[in-house]
Amino acid sequence: MKNIISKKVQDMQPSGIRAFFDLVLGMKEVISLGVGEPDFVTPWQIREAGIYSLEEGFTSYTSNKGLYKLRLSISRDLKNRYGLKYSPEDEILITVGVSEGFDLSLRAIINPGDKVLIPSPGYVSYGPLTELAGGIPIYIDTKSDGFKLTAKLLEKFMHHYPKAIILNYPNNPTGVSYTKKELEKIKQVILKHKLICISDEIYADLTYDFAHTPFATLSGAKDRTIYLSGFSKSYAMTGWRVGFVCGTKEIIAAMTKIHQYTIMCVSITSQMAACEAIQTGRVCVEEMKREYKRRREFMFDNLNRLGLKCIKPDGAFYFFASVKKTGLNALDFAQRLLQEKKVAVVPGTAFGRGFDDYIRISYASSLDNLKEALNRIEVFLTKGGKGG
Ligand SMILES: Cc1ncc(COP(=O)(O)O)c(C=O)c1O
């Protein structure tokens, strides 16, 4: 039975988040600030649309690209909200979450040995999926710039001759996002060096203090952008598994080729529900966003008061807080906090190398839970920590 597993997969590290949460399973009374998913249930009318579609007998495959009416709704929505034009015929593909869209993007464009720039810290799947696609991830540590990629920092990596860059804003795990002005500067470097920008904008609807600017709306950027978004976070639909990719005809055709052999199509029930989400779900998105924003203010004040220094996130629902002052590294901090006070957070090491001093705290949890978690953390910090 030796050597059954491919070398690539053997070398791949399991997700730091999953590995940590295996510990949480089976523990009682744990408050989890670890998961990256909304604590809200999918709004009722969206669930109802899924149920109704089943009652009506919609149980078949759909077109590989996804239901035309969903692609049309997405196309209209992007045009209305951002002035962004993608043809529903051949520039939009419905995927199994952004996860599949991201995998397809890489597999469609990467030749063996192509370099892909990944700002770090970043979402856990970017590096491993780049490697699976045959590419080489090159990480850009953004720590010294307040976790923001700058044009100057990006320019320093051009000697690697990368083929693509992955952008994710608002960012998981830091919550950092970019104004249009900041994006313009990054764009200039991307266009100058003819990179492809894979832009994961799954948290766009959860941007709190300024308008979200899709990368593809920047002048000259659209043809070099693969725009990824989905329903998981905005509409609290993680379990439905619906995302979408927009890009040039050429890129979408290439991705559709892989998708048709591996996935065929996203579940029709989920696509029907997603149609309803776009058509009537905006009010719910705004309500959930207001609630996240309220929690953000509460957490920001309290985490800093407790000495867990963090920047105020522009979007998403995470804090990337420093535990340096406690004298514990991220893994010890997270493990002890879980064992001693039953609060789960994710060690920063899950999001890239060199983040041993950070933990990711999700505020996709009720205000009551957050309050109780902070009380427990406060006790842990006063009685715990190194030597305590
Ligand atoms: C930045 C980022 N991209 C993609 C995903 C995956 O999303 P989906 O549920 O659409 O596959 C996540 C999920 O946590 C995420 O944080």
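Modeller: What follows covers the sheet and then the domains.

Modeller: This is a predicted model, in which local features need pLDDT of at least 70, side-chain atom pairs count only at pLDDT 80 or more, and totals for chains, interfaces and linings use all residues. Residues are numbered from 1 along each chain as its sequence is written.

Biologist: Why are strand 7 and strand 8 called a pair?

Modeller: Two strands pair if DSSP finds at least two bridges between them. Strand 7 (residues 225-230) and strand 8 (residues 243-246) have four bridges, in the antiparallel sense, so they meet the definition. In strand 8, G243 is the bridge partner of G230. Strands here are DSSP runs (E, at least two residues), and helices are runs of H or I with at least four residues, both numbered from the N terminus.

Biologist: What makes strand 2 and strand 4 edge strands?

Modeller: The open sheet has seven strands in the order 2-8-7-6-5-3-4, with mixed pairing. Strand 2 (92-95) and strand 4 (136-141) each have a single partner strand, so one side of each lacks a neighbour in the sheet.

Biologist: How do you know where the domains lie?

Modeller: The bounds come from an automatic or database domain assignment. That gives domain 1 (7-42 + 283-383) and domain 2 (59-280). Their centres, taken over C-alpha atoms, are 25 Å apart.

Biologist: Which residues count as in contact there?

Modeller: Two residues are in contact if their C-beta atoms, placed from the backbone, lie within 7 Å. The contact takes 33 residues from domain 1 and 32 residues from domain 2. Helix 11 gives the largest share of the domain 1 side, six residues.
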